[in-house]
Amino acid sequence: MDGTAIKELPCDIRNLQRLVLLNMKRCKKLKRLPDSLVELKTLEELLLSGCSKLKEFPQNGKNLSRLEILLLDETAIEKIPTIFSVRRLCLSKNNKLTVLPDLINYCPKLQWLDLKHCENLTHVPQLPPTLQCLDVRGCSSLKTIAKPLVCSMPTEQIHSKFIFTHCKKLEQAAKEEIAVYAKQKCQLLSSALKRCNGGFAPEILFDTSFPGCEIPSWVCHDAIGSLVEFELPPHWNHNRLSGIVLCVVVSLKNSQNHANLMVKFSCEQKSGECITWKVGNLIEQDKEVDRVGLDHVFIGYTNCLDFIKLLEDQVPRKCATTKASLEFSVTTGIGEEARFEVLRSGFSFVFEPEEIKVPVPRNEDVKGKCKTNGTSSANGCLKDQPNGDESPKGHFETCIESYITYEAHSS
């Protein structure tokens, strides 16, 4: 019935007990749904996109126990139903929506939550660990998010994307919580990739973006501009490199064209070969053009299989340092001039948890300047300065500083 002039559904729709899909997209005169709708026990997809006069959803929506896809974008529904079976929920472009139900973190199958351009949404509650995509771009009134953002960290999920671009009123505490979630997610991805035995193509497995102008403090190596140059020590892969966290701050203030914005990562070797990753999209190419006037932080995580292979193939096997670089760039499409400026860029290596202890080089052997992320405690762990939490040496960013650059020397 999509695109028709229907104003309401009959109550005896309950008799369609084998109905799986109900499509009423763009029924702009539809004002109400009958309470009997929740008696459709086999309904799996309910598509109400563009029903702009629809203000209420039937009570007891949780009785739709097989509903997986619920599209309520461009409606006027203020109270969102909690349907525990839903896997994909779209609420975008709903200017009546101010809050989400707190019970949303009890939706065990929810994977995709679209809230973009909900201009009166002020808070994002705690989310379920199954969520793979959260899109709140253009939520211009959004100020706060739950802490922690996700009620528990997933152990098996690989790909995920959390987008907070063009949220102009996002508070500093919310930005910090997004960065904390990103750090934890990248650590867990390292373990998840190990269980999957690798085999991934070069791609970003997790990315997030939000307004900001600073590289998070836990990113070990950063530089002003788009290029980060560094040296890998001899036997650099002895501690089993498993991933790279990429971070970049992009200025969009002088931008005119925001279509298909991407941030790319390159690793170049002397041979001229390189690997390129797409770190993330700020604006997807669609009919709407966002005039973003903020600096934005992008964080992405990728596995290192192709990175390691390139280095091992191109670099002679000798006890010497290996020079490398990461270069970030922004493109707006084929043949178009990029009008964005990379202000800062950085990265951190992530290592697999060690089963066999590998000697850590002394700090005085390290060449170059790196961020100091913590101070040693009595038991030999490193304390993160912001919260005093302890983490074992050699697992994440604290190990990276010891392993990233030293003088070349013979065995």
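**Close-up views of a predicted model**

**View 1. Surroundings of S160.** Leaving aside neighbours within four places in sequence, S160 is in contact (heavy atoms within 4.5 Å) with Q132, K185, L205, F206 and D207. The residue lies in strand β9, which covers residues 160–163; strands (E, at least two residues) and helices (H or I, at least four) are DSSP runs numbered from the N terminus. S160 counts as buried because its relative accessibility is 6%, where buried means under 20% relative accessible area, exposed over 50% and partly exposed in between, with a 1.4 Å probe and protein chains only. This is a predicted model, in which local features need pLDDT of at least 70 and side-chain atom pairs count only at pLDDT 80 or more, whereas totals for chains, interfaces and linings use all residues. Residues are numbered from 1 along each chain as its sequence is written, and side-chain values use heavy atoms, with hydrogens and water left out.

**View 2. The open sheet of 12 strands.** The strand order is β1-β2-β3-β4-β5-β7-β9-β10-β16-β13-β18-β11, with mixed pairing; two strands pair if DSSP finds at least two bridges between them. At the edges stand β1 (21–23) and β11 (221–224), each of which pairs on one side only.

**View 3. Strands β4 and β5.** Strand β4 (residues 88–90) runs parallel to strand β5 (residues 112–114), and three bridges join them. Within this pair, L89 stands opposite L113 of β5.

**View 4. The edge strand β11.** Four bridges join β11 to strand β18 (residues 341–351), the two running antiparallel, and the bridge partner of D222 in β18 is G346.

**View 5. The largest cavity.** Three cavities of 30 Å³ or more are found in a search of the whole structure, a cavity being a set of points on a 1 Å grid over the protein atoms alone where a 1.4 Å probe fits but cannot get out. The largest has a volume of about 70 Å³, a volume being the space filled by probe spheres set on the points, which are joined across faces, edges and corners. Its lining residues (an atom within 4 Å of a point) include L70, I80, V86, L89 and C107. The lining divides into 10 nonpolar residues, one polar and no charged, with Ala, Val, Leu, Ile, Met, Phe, Trp, Tyr, Cys and Pro counted as nonpolar, Asp, Glu, Lys and Arg as charged, and the others, Gly among them, as polar.

Methods:
1 Å grid on protein atoms, 1.4 Å probe; cavity = no way out; pocket = protein on both sides within 12 Å on 5 of 7 lines; lining within 4 Å.
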